[in-house]
Amino acid sequence: MDLYEYQGKELFRRFGIPVSEGRLATSPDEARAAGKELGAQVVVKAQVLTGGRGKAGGIKLADTPEEAAQHAEAILGMDINGHVVRKLWVEKASDITNEYYLSITFDRGEKKALFMLTKEGGIDIEEVAAERPEALARLHVDPLEGFKPYQARRLIYGAGIDDPDEQKQLLTIVGRLYDAFVGADAMLCEINPLIVTPEGEVKALDSKFTVDDNALYKHPDIAEMRDLEAYPPEERAAREKGVTYVKLEGEVGILGNGAGLVMSTLDVIALAGGRPANFCDLGGGGDAQGVVDALEIISADPQVRSILFNIFGGITRCDEVARGILRALDQISIDEPIVVRQDGTNAEEGRRLLTEAASENLHVEPTMLDAVRRAVELVA
Ligand code: GDP
Ligand code: MN
């Protein structure tokens, strides 16, 4: 789950990483009030789950509360990389001497957390990594050993930060960022820019914070930060019903059991010249109600022109899934043709049930490739 800048900064604050004081605003009036309360120059920042807001005009300095309201008016409703701005973060403006970059993420290859630090922050880190890799200090943290202060020193020296006062503050910030990363079960904590003010204070001016979805049950306070309005309506409905669903761009609706099987189904659809409309994993159970729920969500997408079930029965029994399909078709009217491929536990029984139902809408195919081809044909 990706957090907004203001939410990531709230977590930074909890873990003792310095951030500026600010207020959330959803209207020009609220931005004006925030400007008054903060009582100095403020920066009005679009809150969207994408980067590059500065370049897109979504970040503006305001000298007065009135100016903050004007900027809010201009930024609210703005489209930034396909994300419409509905919220603003108004914070006390900072003076900036230097813009650094600090992040921690997973290096899956090394199976370790990876810190990256460079003095060349503010801009795209990919650019620095590609053009001046020597400017980017990297440091792995062994999960069993944990994080040690000497490692932070190596990182800080490696990045060429030689001011002792900055080094001292960075040492603390790096340690606390590690605490935040582990403590919040994060996948990514990124500070770009991490600024140095003219007074020599180091603080986080931006935050990019991604928390592992699978660990959210441990962090109800973070789970609550999820902004349902930021998701397509289909994904919202799916989440409420506990269905694993991701909306995609194409026309072939897909249901499968097991993430790997569904991923490979997406590939085979592309191979057959089609475009998948979604990713949907029924999970291990695949009981009738689960099928009903998933089918409702997939058929609600107006772009869907055919629906493909790809079921491999292991623990999931194919006859159970077949009953779910038939029950769903009783409960909701689905105009799109449905293609079913079943293999594995009780597959014959499942196919028999579907064939006997003799619905015009239902096409039973023996193999994955046959089913995919049929589903793609039916789109046309
Ligand atoms: P991003 O463009 O989405 O990464 O948004 P950031 O929060 O990183 O802001 C982009 C840029 O706006 C920063 O690199 C700064 O140069 C500038 N900026 C943001 N906040 C302030 C501030 O408080 N004072 C000043 N002077 N500039 C700021
Ligand atoms: Mn940034």
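This is a predicted model: local features need pLDDT of at least 70, side-chain atom pairs count only at pLDDT 80 or more; totals for chains, interfaces and linings use all residues.

A: Asp 185 has a positive phi of about 50°, although it is not a glycine. Most residues other than glycine have a negative phi. Asp 185 counts as partly exposed because its relative accessibility is 21%, while the cut-off for buried is under 20%.

Next comes the strand. Pro 193 lies in strand S11, and a cis peptide bond joins Asn 192 to Pro 193, with omega about 10°. Most peptide bonds are trans. Asn 192 is buried, since its relative accessible area is 14% and buried means under 20%.

Asn 192 also takes part in a metal site. The manganese ion, ligand 2, has Asn 192 (O) and Asp 206 (OD) as its protein donors, and they lie 2.1 to 2.2 Å from the ion. This pair links distant parts of the chain, 14 residues apart: Asn 192 belongs to strand S11 (residues 186-196), and Asp 206 to the loop between strand S12 (202-204) and strand S13 (208-211). Asp 206 has a relative accessible area of 18%, so Asp 206 is buried.

A backbone N or O atom of Asn 192 lies 3.1 Å from an oxygen atom of ligand 1. The side chain of Glu 99 has an N or O atom 2.8 Å from an oxygen atom of ligand 1. For Gly 52, a polar backbone atom is 3.4 Å from an oxygen atom of this ligand. Taken alone, ligand 1 exposes 560 Å², and the protein buries 79% of that.

Now step back to the whole chain. The protein chain holds 13 helices and 19 strands, and its C-alpha trace spans about 80 × 50 × 35 Å along its principal axes. Of its 380 residues, 49% are buried; Asn 192 is buried, and so is Asp 206.

Asn 346 lies in the loop between strand S18 (338-344) and helix H12 (347-357). Asn 346 counts as partly exposed because its relative accessibility is 36%.

A last pair gives a sense of scale. Thr 26 sits in the loop between strand S2 (22-25) and helix H2 (28-38), and it is partly exposed, at 41% relative accessibility. From C-alpha to C-alpha, Thr 26 and Val 364 are 51 Å apart in space, and in sequence they are 338 residues apart.

To return to the part itself: Asn 192 is a donor of the manganese ion, has a backbone atom 3.1 Å from an oxygen atom of ligand 1, and is joined to Pro 193 by a cis peptide bond.

Conventions:
Residues are numbered from 1 along each chain as its sequence is written. Chains are lettered from A and ligands numbered from 1 in the order in which they are written. Side-chain values use heavy atoms; hydrogens and water are left out. Donors are N, O and S atoms within 2.8 Å of the metal (3.2 Å for Na, K and Ca); water is not among the atoms, so sites may look incomplete. Helices (H or I, at least four residues) and strands (E, at least two) are DSSP runs, numbered from the N terminus. Buried means under 20% relative accessible area, exposed over 50%, partly exposed in between (1.4 Å probe, protein chains only). A polar contact is a pair of N or O atoms within 3.5 Å; within protein, one must be able to donate a hydrogen and the other to accept it, and residues adjacent in sequence count only if both atoms are side-chain atoms. Accessible areas come from the Shrake-Rupley method with a 1.4 Å probe; for residues, only the protein chains shown count as cover.
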